[in-house]
Amino acid sequence: MAEEDVAKREDIYAVTDSSTDESVGRGASSSSGEKAWFVVTSYSTHEAKVKENIERRMQSMGMGDLIFRTFVGEVEVPVLKNGEPTGKTKMKNLYPSYIFVEMIMTDKAWYVVRNTPGVTGFVGSSGKGTKPFPVPREQMEPVLKRLGIIDESMYDRYKVGDAVKIISGPFDNTEGNIISLDKDSGQVEVEIYFFGRPSRVTVEFSQIEKA
């Protein structure tokens, strides 16, 4: 498996592992009445169908006030032949077997999702009728960014001077500090050290995460 794929899988494994951490349990109530992200499991290659099933049940059962966005980890990637681009693209699932659901965790919403055809469970539920804990915001953010999903609330966690890590593009895996942040354009100016000298680079907000 390529290093990039391993790194992406580690994101979701971190999400999975965090559900048993006591600090997460103390900080996130599964019945808080607030929107949160949850990770639903399914059989590999069935993710898109299960996503459709959840959305269909959400609409038919009038759950639009409790279940909001659903998505799978598919991105468009170039098709290569002998290491060279062919001009064609294909869809690749970065997180096989997972469906991401933004919802308010109530008894009814939990029942509707977990009894959707194709759903095998929730990440973060110990079973025996216990509801799962939501994915912590700081762990969900990198997943959303890799899939090109940006919420305005994400900007609240960043300010000038913050240490950040660039996660894609020519400066991938480089750390620096925010010089300026433009919410309207989605661009961030970061001061990094390049060949031992400070340099300013402009990247998209989706290309950074907290260092």
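This is a predicted model: local features need pLDDT of at least 70, side-chain atom pairs count only at pLDDT 80 or more; totals for chains, interfaces and linings use all residues.
Local features need pLDDT of at least 70, side-chain atom pairs count only at pLDDT 80 or more, and totals for chains, interfaces and linings use all residues. Residues are numbered from 1 along each chain as its sequence is written, and side-chain values use heavy atoms, with hydrogens and water left out.

**Exercise 1.** Classify the pair formed by tryptophan 37 and phenylalanine 71, and state where each residue lies.

*Solution.* 
1. Rings of Phe, Tyr and Trp (its six-membered ring) pair if their centres lie within 6.5 Å; planes under 30 degrees apart count as stacked, over 60 as edge-to-face and the rest as tilted.
2. For tryptophan 37 and phenylalanine 71 the values are 5.3 Å centre to centre and 70° between the planes, an edge-to-face pair.
3. Tryptophan 37 belongs to strand β1 (residues 36–42) and phenylalanine 71 to strand β2 (residues 67–71), so the pair ties together parts 34 residues apart in sequence. Strands here are DSSP runs (E, at least two residues), numbered from the N terminus.

**Exercise 2.** Classify the pair of tyrosine 158 and phenylalanine 205, then decide whether tyrosine 158 is buried or exposed.

*Solution.* 
1. The ring centres of tyrosine 158 and phenylalanine 205 are 5.2 Å apart with planes at 85°, so this pair is edge-to-face.
2. Buried means under 20% relative accessible area, exposed over 50%, partly exposed in between (1.4 Å probe, protein chains only).
3. Tyrosine 158, at 5% relative accessibility, is therefore buried.

**Exercise 3.** Which residues do ring pairs link into a cluster with Trp37?

*Solution.* Ring pairs join Trp37 with Phe71, Tyr95 and Phe100.

How values were computed: Helices (H or I, at least four residues) and strands (E, at least two) are DSSP runs, numbered from the N terminus.
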